[in-house]
Amino acid sequence: MRISEEAMFRWVVIVGIAAASVIALTLLTTPLVGAIWGLALVGAGAVHAYRWWQGRP
Amino acid sequence: MESASVALGHVEEHHGPPEANQSSRVDRQTLGILLFIVSEIMLFGAFFAAYFFLRIVVDPPTWPPDPYELPVAVAGINTAILVSSSFTVHYALESIRRGNRNGLKLGLVLTWLLGATFLFIQLNEYAHIGFSARDLGFGSIFYGLTGLHGAHVFVGLMLLSFATIRAFRGHFGPAAKDHLGVEVPGIYWHFVDVMWIVVYTTVYIL
């Protein structure tokens, strides 16, 4: 794990892209579908964050 | 004492107490901001818990409750403004890493202006939104979440002000230890951006 501004900037981009997909899905379908997709992304993000914390790619 | 050392052929270069032992892989300043951010995530988590309690457990017939409406488009533009400020603060740091002082100054000034614009638009939104924090639980949690975030933007602007003033005074250099005064506010600013993306998506879109 390397905590730096660069790493945080990468997280801004990741969260931004994920949020854009949630927004697009919500506008195309219903808020419930968007929320379920958002929840799935939060789960995937948590796994990714854990691996990043452990220093794994 | 010193002359005795010199006479013995040994010159002591280090004065004062010895360097503190550092067992962590992270320097103190970065570790400090990281722990602060973790505590902030918990604070925002408490507000999100209240929001979802109102939304799911209380379950009003419509959300936002009639007759209230949220200015989704204006807040969307404001989101774009705040997200772009992450790019400018990143540009500022990339510039100083390459020794480009003008790029550092430009990046910091642009970030500050974008952050101030975001805060101004948010305050303007509050003035015209048509409900207050006293109007239902919805009003309380809306102002609670967005206001909490706004307070963080304000703190971030203060930190950026210090960094910008120091940049114009010629502080900071390309070595990692010489620009921690920009790196730490930069980390905080990215955190504020990430939180807003989550707040906007949750409160205005879902």
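A residue is called buried when its relative accessible area is under 20%, and that cut-off runs through the legends below for this predicted model.

**View 1. Chain B is a helical chain with 6 helices and 0 strands.** Following the sequence gives the pattern α-α-α-α-α-α. Of the 206 residues in chain B, 45% are buried. The chain exposes about 11100 Å², and carbon and sulfur atoms supply 66% of that area. Among contacts in chain B with a separation of 6 or more, 78% join residues 24 or more positions apart.

**View 2. His152(B) sits in helix H5 (residues 136–168) of chain B.** Leaving aside residues up to four places away in sequence, His152(B) touches Glu40(B), Leu43(B), Phe44(B), Tyr188(B), Phe191(B) and Val192(B).

View 3. The whole structure holds 21 aromatic pairs over all chains. In one of them, the ring centres of Phe9(A) and Phe87(B) are 5.0 Å apart and the planes meet at 90°, so the pair is edge-to-face. Phe9(A) is buried at 12% relative accessibility, whereas Phe87(B) is partly exposed at 45%.

**View 4. Phe142(B) and Tyr204(B) form an edge-to-face pair.** Here the ring centres lie 5.9 Å apart with planes at 70°, which is why the pair counts as edge-to-face. Phe142(B) in helix H5 and Tyr204(B) in helix H6 (residues 180–205) of chain B are 62 residues apart, so this pair links distant parts of the chain. Both residues, Phe142(B) and Tyr204(B), are buried.

Note on methods. Residues numbered from 1 in each chain as written. Chains lettered and ligands numbered in written order. Predicted model: local features only at pLDDT ≥ 70, side-chain atom pairs only at ≥ 80, totals over all residues. Heavy atoms only, no water. Helix = DSSP H or I, 4+ residues; strand = E, 2+ residues; numbered from the N terminus. Contact = heavy atoms within 4.5 Å. Buried < 20%, exposed > 50% of the residue type's maximum accessible area, 1.4 Å probe, protein only. Areas by Shrake-Rupley, 256 points an atom, 1.4 Å probe, with all protein chains shown as cover. Phe/Tyr/Trp six-rings, centres within 6.5 Å; stacked < 30°, edge-to-face > 60°.
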